[in-house]
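Subject: Structure handover

Hello,

Here is the structure I promised to pass on. Please open it and keep it in view while you read my notes.

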Amino acid sequence: MDMGLKGKRALVCASSKGLGLGCARALAAEGVHLVMNARGQDALDAAADTIRAEFGVEVATVAADITTKSGQAAVLEAAGDLDILVTNAGGPPPGVWSDWDRDDFINALDANMLTPIALMKAVLPGMMARGWGRVVNITSQSVKAPIPALGLSNAARTGLTGYVAGTARQVAGKGVTINNLLPGIHATDRAVQLDTGVARAQGITMQEAREQRFATIPAARYGTADEFGAACAFLCSQHAGFIVGQNLLLDGGAVNATL
Ligand code: NAP
């Protein structure tokens, strides 16, 4: 299927690895020129070089912490007029409800709610004026089904979800869609970290830790960054203009819910 995206311009935040990289690659495969971002320069440069060589699109890179005002200003300046925004950043640390104080919440809100909101506020006026735009926010399955140890993430991402629900309906009439992608467990560095912790704590092998987790997922495996990126590219495509303010779970069926 032709996504109708050739020649569009996208900013993909936090995209040197994992799900952000999956989105960047899928958009590049459709002929989209990219601005990619991450804090670490080396992995970012390596990812950008691979994408340029593989897909022949223009790729600019901005090494910056997207959760800071200066980082946001730097990526927005490099991006200029954008057709597509994919927001993403690292997730907050795990813990227990009684651990977290005001500063922990402010940090989580900054990273996983206020940063995507600031980026949307910056790019939406231009998209609306040009009559076309796509925003995809990478959130988490924790928005639909809370992960108790990730209370900071549950809280911040749900706040973003509420903002998107209203805002998406305010901008849709100008040809701009905003939707959220909700990852369940995917085979990225983060899954390796989680499995390493389980293997150490239980004195089992990594493969055993993985199989334990697979047993909680009806698809009996982890998702891939390529699959995730393909969903992102479709939400950004010309075919998805009537999909507004939705929350799409990519979790292999892990959230046991009818709707
Ligand atoms: P990942 O494989 O660890 O990759 C994270 C990427 O984001 C890297 O490129 C990293 O590069 C960049 N990054 C992190 N913090 C950043 C910041 N402050 N500013 C700019 N770039 C930043 O993670 P992932 O698995 O793709 O996860 C992406 C998001 O989805 C996270 O918020 C995660 O919590 C959420 N999520 C993931 C899963 C999963 O199973 N993978 C499930 C649910 C939710 P640098 O470190 O160099 O900055």
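How many aromatic pairs does the count come to? The count comes to two aromatic pairs. Bear in mind that this is a predicted model.

Start with Trp100 and Phe105. Their rings form an edge-to-face pair, 6.4 Å centre to centre, with 85° between the planes. Trp100 has a relative accessible area of 14%. Buried means under 20%, so Trp100 is buried. Phe105 has 31% relative accessibility and counts as partly exposed.

Now go to Phe214 and Tyr222. This pair is edge-to-face too, at 4.8 Å centre to centre and 85° between the planes. Tyr222 is buried, at 9% relative accessibility.

One more ring to look at: Trp132. Lys8 lies over its face, 4.0 Å from the ring centre.

- Ser16: a polar side-chain atom lies 2.6 Å from a ligand oxygen atom.
- Leu19: a backbone N or O atom lies 2.7 Å from a ligand oxygen atom.
- His186: a backbone N or O atom lies 2.8 Å from a ligand oxygen atom.

On its own, the ligand has 890 Å² of accessible area, and the protein covers 89% of that.

Best wishes

Note on methods:
Residues are numbered from 1 along each chain as its sequence is written. This is a predicted model: local features need pLDDT of at least 70, side-chain atom pairs count only at pLDDT 80 or more; totals for chains, interfaces and linings use all residues. Side-chain values use heavy atoms; hydrogens and water are left out. A polar contact is a pair of N or O atoms within 3.5 Å; within protein, one must be able to donate a hydrogen and the other to accept it, and residues adjacent in sequence count only if both atoms are side-chain atoms. Accessible areas come from the Shrake-Rupley method with a 1.4 Å probe; for residues, only the protein chains shown count as cover. Rings of Phe, Tyr and Trp (its six-membered ring) pair if their centres lie within 6.5 Å; planes under 30 degrees apart count as stacked, over 60 as edge-to-face and the rest as tilted. Buried means under 20% relative accessible area, exposed over 50%, partly exposed in between (1.4 Å probe, protein chains only). A charge sits over a ring if NZ of Lys or CZ of Arg is within 6 Å of the ring centre and within 35 degrees of the ring normal.
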